[in-house]
Amino acid sequence: MKAIRIREYGDASTLKLEDTPQLTIEHDQLLVKIRDAGVNPIDWKIRAGYLKERMPSAFPLTMGQDFAGEVAELGHGTSGFAPGDRVFGFAQGTYAEYAVAQSSTIAAMPESMAFDVAASLPTPGSTALQLVRDVVGAKAGMRILIHGAAGSVGSLAVQIAKHLGAPVIGTATGPDISYLRILGVEEVIDYKLERFEDSVSEADAVIDLVGGDTLARSLRSSRKAVSSRLPWDRLMKRPRSARAFAPFTW
Amino acid sequence: MGQINEAAAQRAGIRTVHVVMKRDAADLVELAKLVDSGTVKSRLGQTLPLAQAREAQELNEKGQAAGKVVLKVA
């Protein structure tokens, strides 16, 4: 089968389209035929070797973790799915014609959902849902400031927060400003034109999907902050009123 | 990504909790419902063939894609 693999850490030129051996599945696993694969920041962070200490890779490594496709084969003891079922979720090595998945990390696709839509959801959607619902605990009336609100995680986080009744303040710039207005973000801040500290009164929670000094600046005006980036050296120089901080990684 | 300096955080009066994304089928089901009902719309950007994985990752890495980059395999 065809797969995009790397044999060493490095820039995008390390990605090679290769013919690889057919995959075999074990007990409790499924073989899925990939239709679409979502491209996530974690993919190139792994490729570049940024995560090699926490998650060492064995080479050759097939890239990708998000997919939408069809069940091709079921391992013994796998229940809940049948060959041909349209499914999406997480698997190891989804930049490929086939991948091995666990039934605990995939779900059925609704009939009317397109493969590209489903493939766009697993990592950004799970991140957004868990950040907004579980980490921040969004509820009606809670004001949430989302930095990077127009990105893959951010745009889903905005919509989930609104669904839970939480008004959203979002930062973005350029054409993304009008996109956030369409999403129904109550206050849209163009981070190139204004500093959010100057225009936003205290938020109940901050979700930082940007990094840099954004988190440290946010901690001065909110009691609860969560970040998918970890600028610790800078953060510690400006602690002030912060009481809780939850770094989020995936 | 950096590491959490627990001692420094404590001195600064910050309570830290480290959260890792869970790969949970129940959350996938929830996401599918939210999208299927029209409550949530995924922002799709560019779709590229599998053979162009290099360009796809570069688009994502440089933040040049307005919306999600997806690889079309079949």
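Which residue is the bridge partner of A:Ile4 in strand 2 of chain A? The legends below begin with that pairing. The model is predicted: local features need pLDDT of at least 70, side-chain atom pairs count only at pLDDT 80 or more, and totals for chains, interfaces and linings use all residues. Residues are numbered from 1 along each chain as its sequence is written, and chains are lettered from A and ligands numbered from 1 in the order in which they are written.

**View 1. An open, antiparallel sheet of 3 strands in chain A has the order 2-1-4.** Strands (E, at least two residues) and helices (H or I, at least four) are DSSP runs, numbered from the N terminus. Two strands pair if DSSP finds at least two bridges between them. Strand 1 (residues 2-6) and strand 2 of chain A are joined in the antiparallel sense by 4 bridges, and A:Leu17 is the bridge partner of A:Ile4. Strand 2 (16-19) and strand 4 (61-62) of chain A are the edge strands; each has a single partner strand, so one side of each is left without a neighbour in the sheet.

**View 2. Strand 12 (residues 205-208) of chain A is covered on both faces.** In a regular strand the side chains alternate between the two faces of the sheet. Here A:Ala205 and A:Ile207 lie on one side, A:Val206 and A:Asp208 on the other, and all are buried (20 or more other C-beta atoms within 10 Å of a residue's own; 12 or fewer is exposed, in between is partly exposed; C-beta atoms are placed from the backbone). Strand 9 (residues 144-147) of chain A pairs with strand 12 of chain A in the parallel sense over 4 bridges, with A:Ile144 opposite A:Ala205.

**View 3. Two loops of chain A contain A:Asp28 and A:Pro60.** Most residues other than glycine have a negative phi, and most peptide bonds are trans. A:Asp28, which is not a glycine, has a positive phi of about 70°. This residue is placed in the loop between strand 2 and strand 3 (29-38) of chain A and counts as partly exposed because it has 14 C-beta neighbours inside 10 Å. The bond between A:Phe59 and A:Pro60 is a cis peptide bond, with omega about -5°; A:Pro60 belongs to the loop between helix 1 and strand 4 of chain A.

**View 4. Helix 3 (residues 122-135) and helix 4 (residues 152-163) of chain A cross at roughly 45°, their axes coming within 8 Å.** Axes are lines fitted to C-alpha atoms, for helices over the stretch in contact, and angles run from 0 to 180 degrees between N-to-C directions. The two helices are therefore oblique to each other (angles under 35 degrees count as roughly parallel, over 145 as roughly antiparallel, 65 to 115 as roughly perpendicular and the rest as oblique). Residues in contact (C-beta atoms, placed from the backbone, within 7 Å) include A:Leu129 and A:Val132 in helix 3 of chain A and A:Leu156 and A:Ile160 in helix 4 of chain A. The contact residues divide into 10 nonpolar, 3 polar and 1 charged (Ala, Val, Leu, Ile, Met, Phe, Trp, Tyr, Cys and Pro count as nonpolar, Asp, Glu, Lys and Arg as charged, and the others, Gly among them, as polar).

**View 5. Helix 1 (residues 41-48) of chain A meets helix 3 (residues 53-61) of chain B, with axes that come within 9 Å and cross at roughly 105°.** That angle makes the two helices roughly perpendicular. A:Pro41, A:Asp43, A:Trp44 and A:Arg47 meet B:Gln57, B:Asn60 and B:Glu61.

Technical notes. Two residues are in contact if their C-beta atoms, placed from the backbone, lie within 7 Å.
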